[in-house]
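Hi,

Here is the structure I promised to pass on. Have a look at it first, and my notes follow below.

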Amino acid sequence: MAEHAPRRCCLGWDFSTQQVKVVAVDAELNVFYEESVHFDRDLPEFGTQSGVHVHKDGLTVTSPVLMWVQALDIILEKMKASGFDFSQVLALSGAGQQHGSIYWKVGAQQALTSLSPDLLLHQQLQDCFSISDCPVWMDSSTTAQCRQLEAAVGGAQALSCLTGSHAYERFTGNQIAKIYQENPEAYSHTERISLVSSFAASLFLGSYSPIDYSDGSGMNLLQIQDKVWSQACLGACAPHLEEKLGPPVPSCSVVGAISSYYIKRYGFPSGCKVVAFTGDNPASLAGMRLEEGDIAVSLGTSDTLFLWLQKPMPALEGHIFCNPVDSQHYMALLCFKNGSLMREKIRDESASRSWSDFSKALQSTEMGNGGNLGFYFDVMEITPEIIGRHRFNTENRKVAAFPGDVEVRALIEGQFMAKRIHAEGLGYRVKRLKDVFWAKEKIIPDGKSELQEGM
Ligand code: XUL
C-alpha cells in the first residue's frame, strides 16, 4: 500500500552531452525515480557518437536539436508506461550542457504555445528550428570570431573583466557570430536563441524561457557584474541579438507554470512550476552546497573544477560565472575537455576495455609513477589550448609510449596535476576536496584516495 501512496515531488532534468536524464525527488530529498535516454544507444537514427557529430574539420561539433526533443518524448512516455504519478509533481527544473545554442525559427513560439496533447513533441516541433545541428560546448571552430570579439571590446583581459572570460571558441556569442557570418539567412529567420538549459525549460513552459544569469555567463555576452547583456559584445557578434536572446533572469526564478500539453497528455497538475534551468556546472555547484574556499571536481564528459567566490577575479584562464544560488556572488570554473572520453580511450587501449583492469593497473603502480609523466589531449584542450599526447620518462625525455599500467597512472596523475596547477595559477588555494563525483566510470576507491592525498 505504502508503495502506491501519492508522493509529492519535484523533477530534476539533465540535458547533457550524451543523454537526457530525469530524477524525481521527494520532500525529504530522496531520489525515488530515475529514467534516462542515451542518445547513441536509444536514438541511433541520429548517428551521434557520444551524443555529438564531429565534423570533417575536426573542430566543428554539433548535436541535432530534434534528438533532444525526441529524447524528452521517450522519457515522458517511459514514465507514463511505468505508472509514474505526474499529478504529484509540484515543480521541475534542470540543467543543460553549457554553451550549446538552439535557433528557433520565426513562428516557433506559436507552435510551442499550441501543442496538441495527441501528438509527441518532436512531431510538432520538427519545423521549428532554423539550424538543425546545434553547436555544442565541444566545438572549437570559432577562433576568428573570438579574435573579432576581443578586438571589439579592447582585448582579451577587457572582455574577461566584462563577461568573466576571455573569448572562448565554445562560448555562445562566438558561435552565434559564426552562424550569422556563415549562414545569414538562417540567422535572420531565427526569432529566438536559447541555451540548451533555457531550450529545455521552454519545452516544458510551452513558450520561450529566459536565459538565467549563471548559464548566460558562458556566452561572452553578459556583463557579470550588472547582469545585463553587453551592448558592445552583442554588436560585435550579430545584429538584433538582444531581441533574439530576451532579458536574462536570476537562476532561481520561477519562469512560469507547466504548459497545458503536459497537463493533458501526462496528468501534471496545472500549478506545477517551472524553475529556470541552468548550466550543468552551476547546477552542480548549487547541488553540492559549496562553501567559500571549497573546490569541487566533477569527472564528466569534460572534467571541471569549480568554487564559490564573493569577489570575482576574472583572468586570462578559467571562467567567472554569476552564482546560481546567490546572484550577488560568483563562481569560478575551469573546464578540461579531455576528460572522460580520454580516460575511456586509454582504458580501451591499455586496460582491455575494462574499468576493473584500469583500476588494477592503477593499483599496481606507485604514486608518482616512478617519475613518468603524461599529458593526453586527443582533442584540442581548453585549459590550456594544446593537442596531442605528451609523455616524459624519468630522465625528462619525451617518449612515444609507456607500458599499459604506467600509461594508466600517467593519465590519471597528469589530469589531476593539471587541475591543481591551473587552479593555483588562478590564485586558488586548494585545502580539501568537498567531493568527487564520477560520471559513469569508476576509478577504484584506493586510486581515489591516493589522488586526493596527492592533491
Ligand atoms: C563548461 C563546459 C562543459 C559543459 C559540459 O564550460 O564547457 O563542462 O558544460 O556539459
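Let me start with a hairpin: three residues link strand E15 to strand E16. Keep in mind throughout that this is a predicted model. The two strands, E15 and E16 (residues 303–309), run antiparallel and pair over four bridges. Within that pairing, Ser298 sits opposite Thr304 of E16.

How much of E15 is buried? Five of the five residues in this strand (residues 295–299) are, so E15 is largely enclosed by the rest of the structure. In a regular strand, side chains alternate between the two faces of the sheet. Here both faces of E15 are covered, with Ile295, Val297 and Leu299 buried on one side and Ala296 and Ser298 buried on the other.

Next, the ligand. Thr304 turns up again here, as one of the residues surrounding the ligand, along with Gln97, Gln98, His99, Trp137, Arg170, Asp280, Asn281, Ser302, Leu333 and Cys335. By type, that shell splits into three nonpolar, six polar and two charged residues.

- Asp280: an N or O atom in the side chain is 2.4 Å from an oxygen atom of the ligand.
- Asn281: a side-chain N or O atom lies 3.0 Å from a ligand oxygen.
- Gln98: here a backbone N or O atom is 3.0 Å from an oxygen atom of the ligand.

On its own the ligand has 300 Å² of accessible area, and the protein covers 97% of that. Helix H14 (280–288) and strand E18 (330–336) are the elements that give two or more residues to the shell.

Gly279 belongs to strand E14 (residues 278–279) and counts as buried, at 0% relative accessibility. Beyond its neighbours within four places in sequence, Gly279 contacts Ala95, Gly96, Gln98, Ser197 and Asp215. Gln98 is also one of the residues around the ligand.

The other is Gly216, in helix H10 (residues 213–216). Is Gly216 buried or exposed? Buried, because its relative accessible area is 0%. Outside the four places either side in sequence, Gly216 is in contact with Leu195, Ile211, Leu222 and Trp229. Trp229 is 13 residues away along the chain, and the C-alpha atoms of this pair are separated by 9.1 Å.

Over to you!

Definitions and conventions. Residues are numbered from 1 along each chain as its sequence is written. This is a predicted model: local features need pLDDT of at least 70, side-chain atom pairs count only at pLDDT 80 or more; totals for chains, interfaces and linings use all residues. Side-chain values use heavy atoms; hydrogens and water are left out. A residue is near a molecule or strand if one of its heavy atoms lies within 4 Å of it. A polar contact is a pair of N or O atoms within 3.5 Å; within protein, one must be able to donate a hydrogen and the other to accept it, and residues adjacent in sequence count only if both atoms are side-chain atoms. Accessible areas come from the Shrake-Rupley method with a 1.4 Å probe; for residues, only the protein chains shown count as cover. Ala, Val, Leu, Ile, Met, Phe, Trp, Tyr, Cys and Pro count as nonpolar, Asp, Glu, Lys and Arg as charged, and the others, Gly among them, as polar. Buried means under 20% relative accessible area, exposed over 50%, partly exposed in between (1.4 Å probe, protein chains only). Contact means heavy atoms within 4.5 Å. Two strands pair if DSSP finds at least two bridges between them.
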